[in-house]
Amino acid sequence: MENKKKLIALVIGIILIILVGGLVFYLTSHLTKTTICKGKLDMITTEEVEVISSDEKVKETKTQVTYDYSDYVSDMYPISYYKDYIKNSNTFYKNVKGVKTSLKVEGNKIIYEVDIQYSQDYMKDLVEAELVSTNGSYKDIEYISLQDTLKNQENAGLTCKEK
């Protein structure tokens, strides 16, 4: 009888360990993770992209492009000249639902930020703006691949590391 109780307790213990292990695995695989991609694109431009994902699906990207005009600002070409140029040439994201942009000046640097939400609510707008490609309708897109997103960032010259 004593051995039976020990065996039952052992089986229950093993089952609990398996259940807890499975729960931990499930929860950690569904956690949000952040990958940072950054690099210098040219003499004045650096870029940093924060890719927020869950289950290998991109949920959001936060891009910060910094233009350093320290060697180019003058009385003839003040920083406002470059800010206006960037503002007028970056109308691509204007009025796209799911995308927020901002432009600010810090000394002789201009910082342009773009935040894109890859939610199904915005997928039609993102497809129409060609921010997401598809072979069919926007309704066919269930998620944005983290692997493809990071590959695209690296192909653009950025180095990516999980935070």
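Colleague: What relative accessible area does Glu-56 have?
Modeller: Buried means under 20% relative accessible area, exposed means over 50%, and partly exposed is in between, using a 1.4 Å probe and protein chains only. Glu-56 counts as partly exposed because its relative accessible area is 44%.

Colleague: Which atoms are left out of the side-chain values?
Modeller: This is a predicted model, where local features need pLDDT of at least 70, side-chain atom pairs count only at pLDDT 80 or more, and totals for chains, interfaces and linings use all residues. Residues are numbered from 1 along each chain as its sequence is written, and side-chain values use heavy atoms, leaving out water and hydrogens.

Colleague: What percentage of the chain's residues count as buried?
Modeller: The chain exposes about 11600 Å², with 53% of that supplied by carbon and sulfur atoms. Those areas come from the Shrake-Rupley method with a 1.4 Å probe, and for residues only the protein chains shown count as cover. Out of 163 residues, the share that counts as buried is 29%.

Colleague: Back to charges. Which residue pairs with Glu-56 in a salt bridge?
Modeller: Side chains of opposite charge can pair when their charged atoms come close. The rule here asks for a side-chain nitrogen of Lys or Arg within 4 Å of a carboxyl oxygen of Asp or Glu, and the count comes to 4 salt bridges. Glu-56 meets its partner at 3.3 Å, N to O, and that partner is Lys-33.

Colleague: How many residues apart in sequence are the parts tied together by Glu-56 and Lys-33?
Modeller: Glu-56 sits in the loop between E2 and E3, while Lys-33 is in strand E1 (residues 32-40), so the parts they tie together are apart in sequence by 23 residues.

Colleague: Which other residue joins Lys-33 and Glu-56 in one network?
Modeller: Lys-33 also pairs with a glutamate in a salt bridge whose closest N and O atoms are 3.7 Å apart. That glutamate lies in strand E7, so this pair ties together parts 129 residues apart in sequence. A further salt bridge links Glu-48 and Lys-38 at 3.8 Å, with Glu-48 in strand E2 and Lys-38 in strand E1. Salt bridges with shared partners join Lys-33 and Glu-56 into one network with Glu-162.

Colleague: Now the largest pocket. What is its volume?
Modeller: Rolling a probe the size of a water molecule over the atoms shows where empty space is left. On a 1 Å grid over the protein atoms alone, a pocket is an open set of points where a 1.4 Å probe fits, with protein on both sides within 12 Å along at least five of seven lines, and lining residues have an atom within 4 Å of a point. Points are joined across faces, edges and corners, and the volume is the space filled by probe spheres set on them. For the largest pocket that gives about 650 Å³.

Colleague: What is the C-alpha separation of Leu-158 and Glu-48?
Modeller: Leu-158 lies in the loop between H4 and strand E7 (159-162), and it counts as buried at 4%. Leaving aside residues up to four places away in sequence, it has contacts (heavy atoms within 4.5 Å) with residues including Cys-37, Val-49 and Gln-153. Glu-48 is 110 residues away along the chain, yet the two C-alpha atoms are separated by 8.0 Å.

Methods. Helices (H or I, at least four residues) and strands (E, at least two) are DSSP runs, numbered from the N terminus.
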